[in-house]
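Biologist: Could you take me through one part of this model at close range? I would like to see what surrounds it and where it sits in its chain.

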Amino acid sequence: MSNEQYFAKKPYAGGTAAMKFVVDDIVPALKKQFPDGVESGETPFEPPEVIVRPEQLEQVCRWLKTRGFNLLMDIGGVDYLPREPRFEVVYHLVALPELWRLRLRVQVPEDDPVVPTVSHLWPSAPHAEREVWDMFGIRIADHPNLTRILNPDDWKGHPLRKDYPVSGPRSAVPGLAAERNWYHTPKRPGDGPGTARTPERQSAEVEYDGAGGTGPERASDPEEGRD
Amino acid sequence: MELNRDNNNNQFFTSTIDKFIRWSQKSSMWPLTFGLACCAIEMMNLVAPRYDMAQFGAEVFRSTPRQADLLIVSGRLSNKMVPVIEQVYNQMPDPKWVVAMGACASSGGVFDNYAIVQGVDEVLPVDIYVPGCPPTPDAVIYAVLELQKAVAEGRAPGGVVRG
């Protein structure tokens with residue numbers, strides 16, 4: 001088959017036509033299939049988005065996968081701190097090769113934030129879900145290996161939450177100069193930067209129980225959830 | 001180190017062994033490829049033809065710490081990387097020197113947050129700090145030349161009798 005013949009068979013995918021297809025055909029079919037938990041969000045310039053309830057997420061994703069959304073681009077977490085429900089988990093789905101795009105949002109409350117896993121549907125899911133747990137503390141139910149992925153294995157706290165201090169545990173230890181990094185004790189106790197910087201930091205919600213490694217911190221750790 | 005002639009016009013080269021060893025150490029300081037972040041790009045420029053580092057003795061950048069004696073920490077050091085850099089530093093044979101290249105290696109740079117160690121000197125003993133974000137290769141060459149001068153004069157660790 002020549003190039004011309006190939007491209008005549010496959011017109012250009014994606015673009016406004018694909019978006020229109022998603023908005024006109026796929027989202028209403030989704031809403032018809034799952035009437036209770038599905039609402040549509042208004043976004044003029046971005047991928048069409050749908051708000052899904054956590055308990056229906058797995059079935060919605062399975063249904064969407066059978067309809068052609070075979071690529072999970074990313075899973076992101078959001079923390080809207082003063083708002084209730086506090087957290088949101090956002091799934092970006094793409095259909096290849098038609099290039100349909102869809103965004104799913106799952107709103108999660110602050111006490112006991114749990115979403116079901118989609119690792120059995122898309123192979124890119126496990127790592128993104130680990131990142132969501134690592135950074136926000138949103139547990140993923142039935143995840144094969146929910147451990148720290150970006151932070152060190154024994155890190156305490158979830159750094160991307162709005163009430164986590166920017167400088168992290170460095171600002172939490174009283175009596176220690178704010179610029180010292182307690183997580184790794186200095187090699188020569190007398191040395192150190194010793195520069196004078198302003199000691200005011202945000203108040204930390206992070207506890208300090210000494211530096212050290214005890215292996216990967218898992219989501220089933222009894223201390224997890226207390227931040 | 002000086003050159004002398006005796007009565008039969010034979011030439012002698014005299015020096016102390018320490019000075020000679022330190023001269024040879026400074027003239028062939030082989031760095032380790034330890035590029036962590038953006039400063040690594042400038043370090044690549046350092047070995048590129050324009051700012052050729054090999055003319056100052058860094059003939060090869062060794063990938064194994066066992067064969068390197070200069071550790072140029074180019075980039076931000078994160079908390080997760082600290083055991084790695086400690087292991088790499090411990091694997092380097094003595095005498096070894098450390099250059100903290102760039103703002104992030106010297107003091108944490110623009111990243112005053114939970115993930116970045118505020119200066120490599122919290123973890124390793126540093127000999128020369130190079131400011132810049134990233135420092136131009138000129139600046140790094142200047143720093144390495146200063147380090148070489150310090151090694152030759154005995155101010156940095158080196159030589160047969162280690163201080």
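Which elements of chain A are among those that cover the buried residues of α3(A)?

Modeller: Happy to! This is a predicted model, so local features need pLDDT of at least 70 and side-chain atom pairs count only at pLDDT 80 or more, while totals for chains, interfaces and linings use all residues; side-chain values use heavy atoms, without hydrogens or water. Residues are numbered from 1 along each chain as its sequence is written, with chains lettered from A and ligands numbered from 1 in the order written.

Let's start with the helix itself. Helix α3 of chain A spans residues 57-66, and its buried residues are A:L57, A:E58, A:V60, A:C61, A:W63 and A:L64 (buried: under 20% relative accessible area, 1.4 Å probe, protein chains only). Their cover includes one helix, α2 (15-33), along with the strands β2 (49-52), β4 (87-95), β5 (100-108) and β6 (114-116), all of chain A. Helices (H or I, at least four residues) and strands (E, at least two) are DSSP runs, numbered from the N terminus. After α3(A) comes A:G68, with a positive phi near 120 degrees.

Now for the chain around this helix. Chain A has four helices and seven strands, in the order α-α-β-β-α-β-β-β-β-α-β from the N terminus. Of its 227 residues, 42% are buried. Taking contacts (heavy atoms within 4.5 Å) in chain A between residues at least 6 apart in sequence, 58% link residues at least 24 apart. The accessible surface of chain A (Shrake-Rupley method, 1.4 Å probe) is about 12,400 Å², and carbon and sulfur atoms account for 53% of that surface.

Notes. Buried means under 20% relative accessible area, exposed over 50%, partly exposed in between (1.4 Å probe, protein chains only).
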